[in-house]
4 protein chains.
Amino acid sequence: MNSPDSKNGTTRDGPPLGVAMIGYAFMGKAHSNAWRNVAAFFDVPAFEQKVLVGRDAGQVAAAASKYGWTESATDWRSVLERDDIHIVDICAPGWMHAEIAIAALEAGKHVLVEKPLANTLAEAEAMADAARSARERGVQSMIGFNYRRVPALALAREFIAEGRLGTVRHVRAAYLQDWLVDADSPMTWRLNKETAGSGALGDIASHAIDQVMFLLGGSVTEVSGRLHTFVSSRPGAEGPEEVTVDDAAWATLTLDTGTIASVEVSRMATGQKNSLKLEIYGDKGSLLFDLETINELGFLDATVPIREQGFRRILVNEPEHPYMDAWWPQGHVIGWEHTFTHEIRDFLTAIHGGAAPSPSFEEGLAVQRVLAAIEESANAKSSIIQLTTAAVPATEGA
Amino acid sequence: MNSPDSKNGTTRDGPPLGVAMIGYAFMGKAHSNAWRNVAAFFDVPAFEQKVLVGRDAGQVAAAASKYGWTESATDWRSVLERDDIHIVDICAPGWMHAEIAIAALEAGKHVLVEKPLANTLAEAEAMADAARSARERGVQSMIGFNYRRVPALALAREFIAEGRLGTVRHVRAAYLQDWLVDADSPMTWRLNKETAGSGALGDIASHAIDQVMFLLGGSVTEVSGRLHTFVSSRPGAEGPEEVTVDDAAWATLTLDTGTIASVEVSRMATGQKNSLKLEIYGDKGSLLFDLETINELGFLDATVPIREQGFRRILVNEPEHPYMDAWWPQGHVIGWEHTFTHEIRDFLTAIHGGAAPSPSFEEGLAVQRVLAAIEESANAKSSIIQLTTAAVPATEGA
Amino acid sequence: MNSPDSKNGTTRDGPPLGVAMIGYAFMGKAHSNAWRNVAAFFDVPAFEQKVLVGRDAGQVAAAASKYGWTESATDWRSVLERDDIHIVDICAPGWMHAEIAIAALEAGKHVLVEKPLANTLAEAEAMADAARSARERGVQSMIGFNYRRVPALALAREFIAEGRLGTVRHVRAAYLQDWLVDADSPMTWRLNKETAGSGALGDIASHAIDQVMFLLGGSVTEVSGRLHTFVSSRPGAEGPEEVTVDDAAWATLTLDTGTIASVEVSRMATGQKNSLKLEIYGDKGSLLFDLETINELGFLDATVPIREQGFRRILVNEPEHPYMDAWWPQGHVIGWEHTFTHEIRDFLTAIHGGAAPSPSFEEGLAVQRVLAAIEESANAKSSIIQLTTAAVPATEGA
Amino acid sequence: MNSPDSKNGTTRDGPPLGVAMIGYAFMGKAHSNAWRNVAAFFDVPAFEQKVLVGRDAGQVAAAASKYGWTESATDWRSVLERDDIHIVDICAPGWMHAEIAIAALEAGKHVLVEKPLANTLAEAEAMADAARSARERGVQSMIGFNYRRVPALALAREFIAEGRLGTVRHVRAAYLQDWLVDADSPMTWRLNKETAGSGALGDIASHAIDQVMFLLGGSVTEVSGRLHTFVSSRPGAEGPEEVTVDDAAWATLTLDTGTIASVEVSRMATGQKNSLKLEIYGDKGSLLFDLETINELGFLDATVPIREQGFRRILVNEPEHPYMDAWWPQGHVIGWEHTFTHEIRDFLTAIHGGAAPSPSFEEGLAVQRVLAAIEESANAKSSIIQLTTAAVPATEGA
């Protein structure tokens with residue numbers, strides 16, 4: 001146990017909060033890391049990493065042992081019945097989110113659920129309803145858009161809220177990866193609409209869209225979009241299988257603030273490994289961000305004399321920056337994983353203070369609605385203009 | 001005179017080509033610079049900077065003297081009648097292009113015309129027809145998409161043509177400027193559709209679209225687009241005037257090669273001064289370019305072991321690079337202006353060799369057609385999905 | 001306890017290794033973090049975070065609780081007597097290193113000691129002797145030059161060892177910080193030669209010099225150096241006090257390989273937060289590194305055609321890269337702190353395998369000797385040429 | 001002729017200044033380009049590119065024709081006798097500088113001489129004497145340290161002079177090239193001390209040292225240095241020949257302002273093409289520059305809140321920047337060659353105004369003296385400390 005203080009309740013009043021986590025794959029590993037470390041850096045209410053839940057008894061026991069959980073279990077329903085469990089952290093696949101989250105909220109457990117909220121809009125709406133109702137009973141919930149806890153992006157939000165950018169005219173948001181570049185890489189459940197819900201759109205455009213709303217504080221009122229699958233068939237266990245989700249997506253969003261945001265996402269952007277890029281253009285300044293350089297924020301202050309204007313690279317690593325006074329001396333950069341450490345810190349703090357943490361399920365639902373609208377627009381194809389370009393005669397070339 | 005050799009015809013046979021240029025504003029200054037310097041660096045046919053044409057006799061005489069032209073004139077029609085003029089370089093405003101270019105071609109002059117080809121599609125079509133007909137008589141013509149002559153982009157095209165990128169899946173093209181950020185900057189003819197034809201779309205998206213077709217060698221078959229004017233009224237001489245062109249534009253293009261290109265342009269991107277950004281993603285490699293770092297090309301070779309992959313910054317400044325053996329030793333970078341020097345070099349070389357230079361008027365017309373289709377799609381607005389987001393209850397925030 | 005498996009000895013044979021750590025300031029926090037997390041990512045022998053040792057009973061107890069140690073203690077000598085302690089990790093101040101380390105080795109404990117090895121050359125030599133002697137008895141020791149465990153630098157070393165750089169002609173090494181820029185920031189023990197041993201030289205040049213030897217695998221044969229204190233007096237508790245260590249240092253080193261390395265370090269480099277910069281130039285390629293972008297390695301391969309040469313940015317974040325298969329998917333970057341996680345992993349692995357870990361105390365001593373030689377050269381000042389520049393008459397200026 | 005106005009003396013009073021240039025290799029090509037273009041961008045006194053002087057009659061005639069000179073000649077002495085020549089621009093090899101420059105000054109011609117001032121200190125001193133004496137007769141002279149006319153560096157000097165950096169503590173100056181990396185590239189006159197004077201030291205360290213004095217406005221009072229030749233023998237016409245100049249040099253300079261500057265230059269820095277790098281650290285701010293990105297200046301303002309500090313990239317391309325109102329709209333970058341255009345502009349302006357242009361021959365001599373002191377220090381080798389590192393026993397490695 002990493003926060004022995006919590007056992008005695010010396011740092012915060014009340015008995016330690018018991019935590020159960022469901023799922024131990026990529027997100028489970030990342031969330032465990034956050035639970036294991038948060039109390040070594042932040043002053044959080046006492047808690048205990050009680051139980052890790054998974055389907056395979058042997059594997060989940062090994063994962064629990066490796067990741068710092070006291071126990072393991074295979075039946076999430078019975079875990080929800082335990083009195084010593086106060087928090088449920090859901091890292092199971094998206095199609096399980098709604099069932100578990102609603103049950104946990106009804107059982108009076110605070111719930112953290114990984115994004116996306118759900119695979120369907122209907123499920124997401126049911127979850128938002130359950131969250132609203134639970135909140136009235138003092139039971140809190142949150143969706144894990146962890147990039148809200150990147151210190152550089154939290155700083156960006158502060159700058160925008162302080163008016164440093166003035167009126168934001170437009171935003172360029174992109175999330176580029178390249179893990180599907182090879183046309184021969186095999187079919188997986190992630191490329192099947194039935195199991196995955198959607199492709200790059202739901203997986204990574206959701207982050208980009210959440211950032212737009214998080215940073216600007218507005219709602220999306222209009223959407224136009226396009227989806228494309230570059231490799232429509234991939235090798236399956238018994239021959240070629242059809243890829244039924246998008247490899248890439250493009251959209252423009254209009255916000256109620258008048259801002260227009262372009263969103264472009266791809267799993268085919270060779271050489272871009274995990275590049276969530278944000279460019280925010282206001283009439284008094286601009287911001288640049290790339291997740292691959294997570295500790296940096298680009299900022300141009302257009303209110304200084306033109307002679308000395310330029311994009312500056314702020315190394316977001318000073319005690320003055322969001323979350324950073326807990327870490328290392330200046331210039332000693334932190335990694336991607338601590339977006340979750342900060343998320344858990346904020347979640348625990350909100351619960352302890354009786355406040356509703358953000359982003360709420362309703363905020364997660366708002367992202368789902370934008371995703372659904374992009375898909376609807378893409379299917380309509382009604383604005384596409386066909387061109388019958390006359391053949392251009394050959395010329396000398398360049 | 002900058003190329004005295006040409007007087008004696010020692011470097012190339014035949015009498016020197018007489019050049020007339022029409023217009024002496026920004027583009028006239030840039031083209032003059034190219035004519036004045038091309039023979040000091042490249043082996044081109046003999047020519048003479050004969051006459052500069054403009055409306056104001058005094059101003060055009062001063063400009064001629066400053067920019068290296070032997071004479072000046074105010075009537076372009078009479079210049080077209082001169083036997084000692086073989087080339088006409090048109091840097092006049094877009095609405096004059098068609099009339100002058102067609103007259104010049106009919107008078108048997110080789111014609112170089114600045115982009116965009118014309119302000120209307122009808123004019124552009126007439127010009128392409130005239131060019132085709134003139135070419136049959138050995139009279140050549142070219143449109144000045146000067147960024148085709150950026151050495152880094154010429155190198156990019158070579159890499160793509162050589163298959164270094166494999167199959168190109170998608171392209172991200174953007175052209176970002178910020179000279180309209182200030183909402184109080186006054187109304188100008190450039191912001192009036194009658195005089196300017198269009199806004200950011202025609203002015204800078206034209207470059208981005210031409211690059212997509214230049215680099216990939218394909219035709220655009222489908223277009224979807226959106227236009228927006230962020231500041232719709234600006235101070236005029238006698239009170240507020242309506243801005244009738246776009247400040248920014250977004251589009252996706254489908255090429256006959258299957259590639260999808262996104263295009264985003266803005267005159268409101270605070271801090272981006274003249275940033276034509278290109279990202280080209282293929283299954284074997286990728287390329288990155290930014291006009292503000294004109295001497296550099298980013299290249300990722302995805303065929304080397306993953307352990308050593310990364311975007312490399314090629315300083316396109318070696319004798320092995322397009323156009324560069326004419327210039328300075330390695331690492332001594334050149335400026336934006338020499339895109340025109342290279343353009344004039346290629347134009348003269350094609351004329352001398354009896355070949356049709358590229359990009360032809362037909363290629364310019366192809367760009368116009370794409371621009372028109374984007375405008376048509378934007379006006380249709382048929383794919384826009386309205387969202388009526390329910391109010392999200394206030395939560396703690398991040 | 002973070003690695004429950006170890007309790008049962010299921011992953012590795014033998015009872016878990018008991019670890020004691022001395023010191024809980026900056027380095028103690030960083031080492032604790034590594035001990036707390038290493039088993040969640042790497043397959044290491046079973047161990048237990050037994051006891052944290054410090055002078056103040058209350059504070060060390062709180063730190064132990066926060067950082068994951070089972071117990072705390074105030075007397076390091078009695079801890080050395082415990083049979084359940086097998087490893088001693090020394091994060092105490094430099095002037096205590098020799099006494100504790102030698103005692104621990106004599107008590108048969110494996111020892112990890114933070115850099116620098118000691119404050120004086122005599123102490124460092126005694127420690128190296130003790131380590132050599134202990135090693136013969138199977139008791140291991142290591143000095144914590146943690147930057148050897150930056151994945152990008154481990155990759156750099158691999159490239160050099162594989163001959164990818166050919167013959168390395170010269171190296172530019174710099175370590176730039178800015179925490180002493182303010183001339184009014186107060187006097188501390190770190191600025192007093194008695195307590196600190198030296199200034200920027202011992203603190204950060206030691207890292208740069210260790211890297212040179214680590215990366216190239218050679219020994220330093222000749223040294224020339226210079227030291228400077230820009231702010232020689234700072235506010236003390238009772239008035240101005242003299243700063244008796246260097247603020248900055250410059251040196252050139254000759255290696256037995258023929259390579260020449262320049263080293264420049266400063267605590268006055270405004271805006272450079274924690275920038276260990278390395279540039280390594282060989283006849284077949286070059287490498288660039290900056291600690292502020294810890295996940296990246298610059299590499300230029302001079303064996304590919306000149307036309308496509310350029311420094312590439314390798315995001316050292318692939319399973320193919322040193323240490324990285326333990327972490328997150330590609331592009332999900334890690335932070336500075338995991339240099340220690342990797343260090344502990346390598347230390348534990350070596351102990352378990354009965355091998356001598358590297359860098360050894362002897363390697364630490366080699367660095368100390370170079371530091372001492374730089375100081376000796378700086379004090380000699382014998383190569384400094386005085387210039388009596390005649391006054392230059394005033395001219396127009398630029 | 002590029003500035004016809006000058007013929008009539010309409011822009012400036014007096015007859016046009018007649019210019020002769022001696023030498024037509026790399027520097028001759030670059031200077032010619034500046035003479036050919038300066039009047040098209042800047043308002044300069046009337047002048048004429050009269051005569052180009054070289055040894056080979058045929059080649060110099062061809063070069064004159066190509067580069068815009070009216071005549072050519074082979075005897076520089078007779079050119080000095082011409083009444084229609086008022087300015088002599090010396091681009092001949094360094095060993096000819098003293099003789100020609102002194103003769104020209106005595107003949108009453110204004111003289112611009114390429115750097116370095118001379119191959120020996122004695123010659124440089126004679127030249128400075130001649131310049132001082134000529135200046136009293138109204139005859140001006142200047143040495144061509146063209147990088148003083150890089151707009152970004154002129155802006156850097158302004159910032160420093162305005163106090164934006166506060167007290168400058170230290171400077172890192174490096175000039176890195178790679179054209180000698182290949183050990184098999186042949187011997188040339190540039191690698192022979194008799195003909196070249198020195199190697200990287202005189203050729204490129206001279207630029208770096210001039211920049212230090214130019215930017216900070218101080219004099220060098222102390223020097224310590226080191227030289228090295230990595231490849232000491234190269235293929236000659238009749239077998240291996242000894243390289244008698246340095247391939248690389250390292251130095252520290254102390255200025256009378258208290259600033260310490262490190263200087264490092266190399267022709268062996270694989271992948272660095274023409275990289276003059278400057279880092280200037282003051283207590284209120286810092287500056288960064290790299291000649292390969294000639295249009296950019298890095299600036300950190302340490303007086304803004306730490307939360308928003310960061311190095312900004314100023315694109316030095318606005319009308320507000322030195323020299324830039326003459327060129328193109330913002331973001332349309334210029335090339336290396338225009339350092340000379342600006343130099344000629346400043347030279348002509350000073351002559352016309354009767355002022356002494358800068359850098360004077362005396363300033364060139366000051367640089368020579370620093371170079372000589374570096375060589376003296378390097379030869380002394382008195383501060384070098386030998387290390388007899390005991391063999392380090394093999395350990396596990398990283």
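Predicted model: local features only at pLDDT ≥ 70, side-chain atom pairs only at ≥ 80, totals over all residues.
In chain B, strand E13 (residues 275-282) is mostly covered, with 7 of its 8 residues buried. E13(B) has strand E7 (residues 168-176) of chain B as a partner: the two pair in the antiparallel sense, with 8 bridges between them. Within this pairing, Ala173(B) has Leu278(B) of E13(B) as its bridge partner.

E13(B) also pairs with strand E14 (residues 285-290) of chain B, again in the antiparallel sense, this time over 5 bridges. Here Tyr281(B) is found opposite Ser286(B), a residue of E14(B). Together, E13(B) and E14(B) make up a hairpin, and 2 residues lie between the two strands.

Turning to chains C and D, the contact draws on 67 residues from chain D and 67 residues from chain C. On the side of chain D that touches chain C, helix H11 (residues 361-380) of chain D gives the most, contributing 9 residues. By residue class, that side of chain D comprises 29 nonpolar, 23 polar and 15 charged residues.

Strand pairing also links these two chains. Strand E17 (residues 385-386) of chain C is joined to strand E8 (residues 220-228) of chain D by 2 bridges, and the two strands run antiparallel.

Note on methods
Residues numbered from 1 in each chain as written. Chains lettered and ligands numbered in written order. Contact = placed C-beta atoms within 7 Å. Helix = DSSP H or I, 4+ residues; strand = E, 2+ residues; numbered from the N terminus. Nonpolar A, V, L, I, M, F, W, Y, C, P; charged D, E, K, R; others polar. Pairing = 2+ DSSP bridges. Buried ≥ 20, exposed ≤ 12 C-beta atoms within 10 Å, placed from the backbone.
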